[in-house]
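Try each task yourself before you read its solution.

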Amino acid sequence: MLPNVGDVFSGKVVSTVPFGSFVEHPAGAHGLLHGHQAEVGSSVQVKVLAVDAEQQRFSLELA
């Protein structure tokens, strides 16, 4: 299940890549926090910027 644009949640960082970090939504989906290298396992408060239902992905910013 994907979140809605504007949703704010606290999620766990599950992996990092050169362009950001992937954060797990409480429902299990992973979204990209672009431009932020957070420590894997840490918890971050994020806001959903955009959702791509076809690709089953969403983008985030720090809340």
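**Exercise 1.** Find what share of the protein chain counts as buried.

Solution. Start with the cut-off: buried means under 20% relative accessible area, exposed over 50%, and partly exposed in between, with a 1.4 Å probe and protein chains only. By that rule, 30% of the 63 residues are buried.

A word on the model: it is predicted, so local features need pLDDT of at least 70 and side-chain atom pairs pLDDT 80 or more, while totals for chains, interfaces and linings use all residues. Residues are numbered from 1 along each chain as its sequence is written, and side-chain values use heavy atoms, leaving out hydrogens and water.

**Exercise 2.** Work out whether the radius of gyration of the protein chain agrees with that of a compact globule.

Solution. The radius is taken over C-alpha atoms, and the globule rule is 2.2 Å times the number of residues to the power 0.38.

**Exercise 3.** List the helices and strands, then describe how strand 3 pairs.

Solution. First, the definition: helices (H or I, at least four residues) and strands (E, at least two) are DSSP runs, numbered from the N terminus. The protein chain has 0 helices and 5 strands.

Next, two strands pair if DSSP finds at least two bridges between them. Strand 3 (residues 30-34) is antiparallel to strand 2 (residues 20-24), over 5 bridges, and Ser-21 has Leu-33 as its bridge partner.

Finally, strand 3 runs parallel to strand 5 (residues 57-62), joined by 2 bridges; here Leu-32 stands opposite Ser-59.
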